[in-house]
Amino acid sequence: MNITIIGTGYVGLVSGACFSEFGFNVTCIDKDKNKIDSLKEGVIPIYEPSLEDLVKKNMTAKRLSFSTNLCDVFKDSNAIFIAVGTPTNLNNNKADLKYIYDVIREIADLIELNDNPKLLVTKSTVPVGTGKEIESYILNYRTELKVGKHFEVASNPEFLREGSAIEDFMRPDRVICGVESAFAKSILQTLYRPLNLRETPILFSKRETAELIKYASNGFLATKITFINEMADICEKVGADVQEVAKGIGLDGRIGSKFLHPGPGFGGSCFPKDTRALAEIGKEFKARTKLIETVINVNEARKINMVKKIKKAIGVLDKKTISILGLTFKPNTDDVRESPSLVIVPELLKLTKNINVYDPAGMPNAKKMIEFKGVTWKENTFSCIANTDALVIITEWNEFRALDLNKVKEALNEPIIIDLRNIYKHDLMVEAGIKYISVGRGSI
Ligand SMILES: NC(=O)c1ccc[n+]([C@@H]2O[C@H](COP(=O)([O-])OP(=O)(O)OC[C@H]3O[C@@H](n4cnc5c(N)ncnc54)[C@H](O)[C@@H]3O)[C@@H](O)[C@H]2O)c1
């Protein structure tokens with residue numbers, strides 16, 4: 001079985017490496033020549049634990065290769081996965097499908113009339129109905145082609161999380177496949193057969209159902225985070241502890257304990273854009289998702305509220321220097337897309353020009369972003385903290401979790417820590433003589 005994956009980003013590269021680890025021949029395609037050139041040299045363009053070893057192992061075994069040229073591998077491909085980005089279209093908040101349709105035209109041009117049918121699989125997160133639209137688009141674009149005889153379109157949304165992407169792909173909770181024929185089903189069954197050993201549920205459904213499952217999952221998780229964030233706000237007013245509330249409700253099997261960690265609001269390359277797209281899908285089909293619309297608004301407001309919280313803790317900021325630890329939207333990734341830091345840092349820069357920042361993996365990406373213009377980049381935790389008037393923790397990287405608090409206190413001009421991820425215990429900070437403000441634990 002030969003697989004081609006178009007779009008070699010977080011999803012495409014991880015999927016390609018994992019499918020090749022399953023034993024299939026995989027070619028990952030990207031239009032970014034620099035990315036493909038460095039991958040051919042074994043240099044991984046993203047930070048993702050264990051990915052480098054997996055890529056190198058399968059390149060050496062000649063099961064995984066990289067190219068910018070789809071036409072070199074198209075003829076021999078049984079399944080072509082599309083894993084390009086689907087960012088928010090800023091004009092209408094819907095998912096922007098321009099990268100998807102660039103790829104579809106390229107594919108449609110390469111389909112040969114006397115060849116076996118090609119299975120096109122959308123792994124990108126795409127609005128409900130996109131599979132059907134892709135089919136119609138290709139039929140209009142090349143009127144001599146027929147569905148079933150020359151091509152088919154299936155949906156196989158991806159649920160991996162950056163930071164644990166390999167584990168998520170190799171040991172998923174479930175695999176979702178939206179298919180319209182036995183042909184599509186049999187190819188996807190073959191590709192995911194290696195997961196049978198672990199009895200991973202592989203759900204087959206209509207394409208539209210599979211497409212909606214992806215948005216419904218992200219919408220639900222974003223709602224869960226937003227819910228606990230609101231509970232954290234109540235806790236701060238009434239003197240309750242949100243972590244105990246989360247534990248207390250999470251032990252209820254109907255609720256579950258995951259995704260009940262309060263913080264500065266959700267971010268990343270998926271939740272913000274997928275909730276916006278879901279809200280727009282609801283509007284388009286006259287089935288408004290007012291809950292999701294509210295989640296989006298509450299989450300946006302939360303990032304600004306975090307700035308107010310920091311201001312309240314530190315006081316007048318214009319003569320102060322602040323250190324910030326963590327810029328990525330979560331630990332173990334270099335991804336800063338829609339990270340809360342992209343709102344919090346520029347808002348703080350309006351109040352003081354003196355901001356030191358450090359992130360273990362996110363700084364190369366962050367340095368490209370206008371939002372961080374004016375900050376002072378630091379090479380490690382303590383050079384970031386040294387001689388600053390307060391420390392703000394935005395991302396819960398492991399290396400920030402067990403800092404020597406005496407050393408931190410010595411390094412700071414004033415011993416104030418605003419921990420937006422609740423990685424420390426209040427008592428420990430009191431003991432160390434540090435003023436400690438966290439989220440939803442009765443402090444501020
Ligand atoms: N990142 C995640 O954690 C995650 C998880 C689940 C689903 N998804 C979804 O998967 C999709 C991809 O996300 P990502 O984070 O991997 O994106 P990404 O931006 O990291 O990668 C996309 C890649 O596609 C390439 N590309 C764009 N147009 C191309 C073309 N015409 N031909 C070849 N290559 C092209 C880009 O150069 C880029 O390398 C999105 O729809 C996203 O919502 C992402």
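Residues are numbered from 1 along each chain as its sequence is written. Because the model is predicted, local features need pLDDT of at least 70 and side-chain atom pairs count only at pLDDT 80 or more, while totals for chains, interfaces and linings use all residues.

Strands E7 (residues 175-178) and E8 (residues 202-205) run parallel and are joined by 4 bridges; strands are DSSP runs of E with at least two residues, helices are runs of H or I with at least four, and both are numbered from the N terminus. Two strands pair if DSSP finds at least two bridges between them. Cys 177 has Phe 204 of E8 as its bridge partner. Between E7 and E8, the chain passes through helix H8 (residues 182-192) in a right-handed β-α-β crossover (clockwise from the first strand over the helix to the second, with the strands pointing away from the viewer).

Turning to the helices, H9 (residues 207-238) packs on H10 (residues 242-250) at about 130 degrees, with the axes 9 Å apart. Axes are lines fitted to C-alpha atoms over the stretch in contact, and angles run from 0 to 180 degrees between N-to-C directions. Ile 228, Met 231, Ala 232 and Cys 235 of H9 meet Val 242, Val 245 and Ala 246 of H10 (C-beta atoms, placed from the backbone, within 7 Å).

H9 also approaches H12 (residues 290-314), the axes coming within 10 Å and crossing at roughly 50 degrees. This makes H9 oblique to H12.

Methods
Two residues are in contact if their C-beta atoms, placed from the backbone, lie within 7 Å. Angles under 35 degrees count as roughly parallel, over 145 as roughly antiparallel, 65 to 115 as roughly perpendicular and the rest as oblique.
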